[in-house]
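Visitor: I would like a close look at a single part of this model. Please keep it brisk.

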Amino acid sequence: MKRIDHKSNMHESLEGLESALAGTLHRIRPPYDMVRRLRQRMQMPNREELASRLGDWRRLFVVFGGVMSGVLVIITVARALFHFLARRQTL
Amino acid sequence: MPDAEFTEEEVLARASGGDREAFGLLYERYVERIFNYVYYRTGNLHDAEDLTARVFQRAMNHIHKYTDRGVPFSAWLYRIAHNLVANWHRDRGRRQEIPLNDVPVLPSKGDHPEKNLVRTQEEGALLKLIRKLPPERQNLLILKFVENLSNAEIGQTLGRSEGAVKSLYHRTLLALRDQLGDQNISLDAD
């Protein structure tokens, strides 16, 4: 008999806990501006677009590197010519 | 792309094929659920927003890998959310708890507005205890009470059988009841 009482008490306390949980854990509506902000973040360019942009940057980097190398070659040749010409004049 | 025109499978197929509009529909359908899950796991509105965004960004980047194995799409999203929340807790080094007077008041569905404004001490204490539970038990309670999912649906999401969910739920209730008793907190069910 005591055991049955204990069981029914336990059942009641668990039911009370379930009601408390139902009252505490309820669905909340996210703020509207938050949902809108998130949607805007979702409209970020996709991976392919980002990859193609990255490809463009790489191409740009190669072009820039090529131009700089060309300039360095021209400067070196100019310096060499200047050096030889100056040497010839001193002789 | 009107929402009602397409079934979940069709929308998923389109989204997997890179259709951004279709992914937008999935976002509209699941953003509230994922936000709720993340919010209750972090207890922080700002982090919930950030993590929800990251869940959908990750989903968008990996949607082409998604395959329908008979498990709902929401389970896949919850898995992503679960991993991100776990990383978040690891990065913070400790479990985030909502201070009793720091629970943001957000409108909930179905309740009287006045009820939303009043968070009783018991509710705060209960939330604290819930957040101290192991992650899987927290997931279970959130899916059961916030999402109103059945044990079978929770099982699909958590990758467990219906019986295992039922048993885990019972053990969770007992653990919570014991902890409430230890802290002399009584709950008045209304």
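Which residues touch the most other members of the largest nonpolar core?

Guide: This is a predicted model. The largest nonpolar core has 46 residues, and L26(B), I34(B), V38(B), V55(B), L77(B) and A81(B) touch the most other members. At least two residues each come from α1 (2-24) of chain A and, in chain B, from α1 (8-16), α2, α3, α4 (73-92), α6, α7 and α9. The top contributor is α2(B), which gives 13 residues.

Leaving out residues up to four places away in sequence, V38(B) touches A48(B), L51(B), T52(B), A81(B) and V85(B). One of these partners, A81(B), is itself among the residues that touch the most other core members.

Now the side of chain B that touches chain A. Here 34 residues of chain B are in contact with 24 residues of chain A. At least two residues each are supplied by α2 (20-42), α3 (45-62), α6 (121-132), α7 (135-146) and α9 of chain B. The largest share is that of α2(B), with nine residues. By class, this side of chain B holds 20 nonpolar, nine charged and five polar residues. So much for the totals.

On the chain A side, V35(A), L38(A), R39(A) and M42(A) make the contact; they meet G24(B), Y27(B) and V31(B) of α2(B). Five of the residues in this contact are nonpolar, one is polar and one is charged.

Last, a pair within chain B. Helix α8 (residues 151-158) of chain B packs against helix α9 (residues 162-182) of chain B at about 100°, with the axes 8 Å apart. That angle makes α8(B) roughly perpendicular to α9(B). From α8(B), the contact uses N151(B), A152(B), I154(B), G155(B) and L158(B). From α9(B), it uses E162(B), A164(B), V165(B) and K166(B). These residues divide into five nonpolar, two polar and two charged.

Conventions: Residues are numbered from 1 along each chain as its sequence is written. Chains are lettered from A and ligands numbered from 1 in the order in which they are written. This is a predicted model: local features need pLDDT of at least 70, side-chain atom pairs count only at pLDDT 80 or more; totals for chains, interfaces and linings use all residues. Axes are lines fitted to C-alpha atoms, for helices over the stretch in contact, and angles run from 0 to 180 degrees between N-to-C directions. Helices (H or I, at least four residues) and strands (E, at least two) are DSSP runs, numbered from the N terminus. Angles under 35 degrees count as roughly parallel, over 145 as roughly antiparallel, 65 to 115 as roughly perpendicular and the rest as oblique. Two residues are in contact if their C-beta atoms, placed from the backbone, lie within 7 Å. Ala, Val, Leu, Ile, Met, Phe, Trp, Tyr, Cys and Pro count as nonpolar, Asp, Glu, Lys and Arg as charged, and the others, Gly among them, as polar. A nonpolar core is a set of buried Ala, Val, Leu, Ile, Met, Phe, Trp, Tyr and Cys residues joined through C-beta atoms within 7 Å. A residue is buried if 20 or more other C-beta atoms lie within 10 Å of its own, exposed if 12 or fewer, and partly exposed in between; C-beta atoms are placed from the backbone.
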